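Dear colleague,

Please find below the structure that I am handing over to you. My findings follow it.

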Amino acid sequence: MSELEKRVCKGCCLGLSGLKAASLYSLKPEIGNVENTITELNSKLAKTGSKVKILHKNSKRTLIFAYNSERLEEHLKDEKNREFLERYGYGHNDNADSCLSTLSFKMESGIQEFPHEIGVFLGYPIEDVEGFINNRDNCMAVGLWKVYKDVDKKKEMFEKFDEYTKDFSKKIEETDRIEELFKEN
């Protein structure tokens, strides 16, 4: 496994494993052949239910979106998430791939500064996504995302995510078979 593959997997292990709906990882464009790395990773992850894609690319960065297909689909079908996404131009019956295409289009088109509804795709609780969009300066805590409600519960989640990331980072360094780490459960 290449160093770039390891780097992407470490940065995206929460999404690839399904612990979160997805992960987002930013790379500088000069880092290497990202397209080939994504193709190779998807080939290795094909039987795990996890995928990696380039969500957005410009001269400053390449945004890698990594997700477990089943977990993301489930998260986007949640009634509150679906209603929220509809208000931002996503179709009521759109599947995860269609929603990701819409998100990617919004990012590529530059119609808006940044589509903050991306938090829903990343598995952030809807109350925190809405809190950030509507009142971003008054968060109650910061971890993987800004928290606006249920601070203690979210801090516990952040600790769990941190432990999991450290554990998987170590395992990623010790293997050449990434597909073995992200087996479908």
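The model is predicted: local features need pLDDT of at least 70, side-chain atom pairs count only at pLDDT 80 or more, and totals for chains, interfaces and linings use all residues. Residues are numbered from 1 along each chain as its sequence is written, and side-chain values use heavy atoms, with hydrogens and water left out.

There are 9 helices and 5 strands in the chain (DSSP runs numbered from the N terminus: helices are H or I with at least four residues, strands E with at least two). Of the 185 residues, 44% are buried, where buried means under 20% relative accessible area, exposed over 50% and partly exposed in between, with a 1.4 Å probe and protein chains only. The C-alpha trace spans about 45 × 35 × 30 Å along its principal axes.

Leu-24 belongs to strand β1, residues 22-27. Leu-24 counts as partly exposed because its relative accessibility is 27%. Beyond its neighbours within four places in sequence, Leu-24 is in contact (heavy atoms within 4.5 Å) with Leu-55, Leu-63, Ile-64, Phe-65, Ile-118 and Leu-122. Leu-63 is 39 residues from Leu-24 along the chain, yet their C-alpha atoms are separated by 6.6 Å.

Yours sincerely
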